[in-house]
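I record here what I looked up in this structure, entry by entry. The order follows my own reading.

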Amino acid sequence: MNLSPLVKEFMEKGRSESCPVIDMHAHLGPFQGIYFPNPWPEDMIRTMDRCGVRMAVSSSHAALIDTRENIKMADIVRKYPERFRAYWVINPNYPERTQTEIAQFSKTEGFVGFKFLSDYHKYPLDDPRYEPALKYAEEHKSLILMHTWGKSPYDPPALVEKLAVQYPSTVFLMGHSGYGEWEKAIQVARDHPNVYLELTAAYAVNAVIDWMVKEAGSHKIVFGTDLPWFDPHYGIGCVLFSRITDKDRHMILHRNAERLMSLTISRTAFQ
Amino acid sequence: MKLFDCNASLGAAMVRPIRFAEDAEGLLEEMDYYGITEALVYHSRQYDDSPVVGNEILLDEIDGFDRLHGTFAILPLQTGELGSLEAILEKMKAKSIRAFWAFPAEHKYLMTRTALASLYDLMVEGNIPLFISVNESCGGISGWYLVEKILSDAPDLTLVVTEHGSWGHDRFFRPLIEKYENLYIDTSRYELDGGISDFCAKYSAERLLFGTGFPRWNPGGPILTLVQADITAHEREMIASGNLERILGRVRL
């Protein structure tokens, strides 16, 4: 077993001072179909400390269901400005709310972008109901984290590609990396400068990270865990034991996220 | 810490994984990369092909490799494909096979006492563990309902359920853990934040076995999760290797 310095540090200490992980795909609070031992912000911070995760960018589970819950994430970010940022969930089932919510988003500190959950909300990514948020994101060069899944009728990598062309200034994070449709997801991230692969759940598939790094480059991959769903050590372990360099691991685990977050620094006034 | 992987396979599968080990030497190279000392293994042909063929391929493939411990895939004995119970036992004794796998969806049989009574009795009598993925199904039932069906037919069976997945299965398996004392869960996909420590605090570490699910799943995840889990060193050692060694050590052929 020939461990790189970074892998050795995580194996021995569970964290690394030189590699402060940023989780670009997190949530918060209990949820319908799963038991969470650690669902609340203080629980999550304990986990983050144990695993060397400096910051989590979260959409609350409650907001995935009812977008009127979005605003509560501002309180979490205000309370823990060094540990949390937030996504504002757009739910196309309630289009009458969207313009008001975008206005609310635009004047609320702590939010770095939007979250789309098309597989659950049952509208495809290119549905007109998403247009107000997409136009706002394009104008302000915002991030959008989208749940994506291979062969889905709502959010497959091909639909991300369509939006990436249509909205070239928006930064699209393909949540779960279009799980299962790896070749297409990797191609979309490789060919479009504004598209990134996000690793939540995808990291568990053996050698898929090696493939992503080889074809799309480690500069196009960000780390996420769905926290409080998955132990960050699980995903970090998958990145660490992939056949890639320590430089690649740093890019994936924090440097790309740092770069992307700086794009939205004017919106995150707690920096 | 010694890692003894309870859930690994080798061979070129019908559907090619992104990365895999074609033979025993290849699997040992993978295990060395991850720091895994020993593994309980099956061959992809035991799943993709008939166990009649696959079990023999597995025996040939791992012959002489002391770090790899073989398993047999089962079929109902009524068709006679695997021979008599006595013949199976003789071969297991001769080749030091101390565990079974069931792949009922691919091999198309029912996991009922009607179909498997003599095998279940053999397993219970000899403390021989049976491994099954929670993704298996047969006869219209699947997942944890299938697991409960197996255990209700053979309550004393040592059953190891693998790859329970990332979407939160504790609500499914904790009631079964409480009812069936020989039910074990592998850690290949126990990704839940705080899951291992929470489980150990309630049920002890005895019921968890370290597994990777190689080549489908990335072994790095379960390794770092276990190494850094908020449990005692003794509990970690039990999950990493001690529990599987204890289970295999009590097998009587």
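This is a predicted model: local features need pLDDT of at least 70, side-chain atom pairs count only at pLDDT 80 or more; totals for chains, interfaces and linings use all residues.

Entry 1: a covered helix. I then looked up helix α11 of chain A, residues 232-240, and found it mostly covered, with nine of its nine residues buried. The buried residues of α11(A) are A:P232, A:H233, A:Y234, A:G235, A:I236, A:G237, A:C238, A:V239 and A:L240.

Entry 2: confidence. I noted the scores of the model as ipTM 0.97 and pTM 0.97. For chain B I read a mean pLDDT of 97, with 100% of its residues at 70 or more. For chain A the mean pLDDT is 95, and 96% of its residues reach 70 or more. I marked residues 265-271 of chain A, where pLDDT stays under 50. The model has 12 contacts beyond four places in sequence for this stretch of chain A.

Entry 3: helix pairs in chain A. Two packed helices are described by the angle between their axes and the distance between the axes. I looked up helix α8 (residues 157-166) and helix α9 (residues 182-191) of chain A, which pack at an angle of about 15° with their axes 9 Å apart. Because angles under 35 degrees count as roughly parallel, α8(A) and α9(A) are roughly parallel to each other. Their crossing is left-handed. From α8(A), the residues A:P157, A:A158, A:V160, A:E161 and A:A164 meet A:K184, A:A185 and A:V188 of α9(A). I count the residues of this contact as the model gives them: six nonpolar, no polar and two charged.

I then turned to helix α5 (residues 95-106) and helix α7 (residues 131-140) of chain A, which pack at an angle of about 25° with their axes 9 Å apart. α5(A) and α7(A) are therefore roughly parallel to each other. The crossing of α5(A) and α7(A) is right-handed. Here A:T98, A:Q99 and A:I102 of α5(A) meet A:P132, A:A133 and A:Y136 of α7(A). The contact of α5(A) with α7(A) divides into four nonpolar, two polar and no charged residues.

Entry 4: a helix pair in chain B. I looked up helix α7 (residues 143-153) of chain B and α8(B), whose axes come within 10 Å and cross at roughly 10°. α7(B) and α8(B) are therefore roughly parallel to each other. B:W144, B:V147, B:E148 and B:L151 of α7(B) make the contact with B:F172, B:F173 and B:L176 of α8(B). By class, the contact of α7(B) with α8(B) has six nonpolar residues, no polar and one charged.

Entry 5: one residue of chain B. Is B:L208 buried or exposed? B:L208 counts as buried, because 27 C-beta neighbours lie inside 10 Å. I placed B:L208 in strand β11 (residues 208-209) of chain B. Not counting residues up to four places away in sequence, B:L208 touches B:I185, B:T187, B:I196, B:F199, B:I239 and B:N243. I also took the distance from B:L208 to B:L89, which is 27 Å from C-alpha to C-alpha across 119 residues in sequence.

Entry 6: backbone geometry. Most residues other than glycine have a negative phi, and most peptide bonds are trans. I found a cis peptide bond from A:L227 to A:P228, with omega near 15°. A:P228 is in the loop between β8 (221-222) and α11 of chain A. Another cis peptide bond joins B:F214 and B:P215, with omega about 10°. B:P215 has its place in the loop between β11 and α10 of chain B.

I noted a positive phi, near 55°, at B:K108. B:K108 lies in the loop between α5 (104-107) and α6 (113-126) of chain B, and counts as exposed with 10 C-beta neighbours inside 10 Å. Phi of B:N127 is also positive, near 55°. B:N127 is in the loop between α6 and β6 (130-133) of chain B, and is partly exposed with 18 other C-beta atoms within 10 Å.

Technical notes: Residues are numbered from 1 along each chain as its sequence is written. Chains are lettered from A and ligands numbered from 1 in the order in which they are written. Axes are lines fitted to C-alpha atoms, for helices over the stretch in contact, and angles run from 0 to 180 degrees between N-to-C directions. Helices (H or I, at least four residues) and strands (E, at least two) are DSSP runs, numbered from the N terminus. Angles under 35 degrees count as roughly parallel, over 145 as roughly antiparallel, 65 to 115 as roughly perpendicular and the rest as oblique. A crossing is left-handed if the near helix is turned anticlockwise from the far one by less than a right angle, and right-handed if clockwise. Two residues are in contact if their C-beta atoms, placed from the backbone, lie within 7 Å. Ala, Val, Leu, Ile, Met, Phe, Trp, Tyr, Cys and Pro count as nonpolar, Asp, Glu, Lys and Arg as charged, and the others, Gly among them, as polar. pLDDT is the predictor's confidence in each residue, from 0 to 100. A residue is buried if 20 or more other C-beta atoms lie within 10 Å of its own, exposed if 12 or fewer, and partly exposed in between; C-beta atoms are placed from the backbone.
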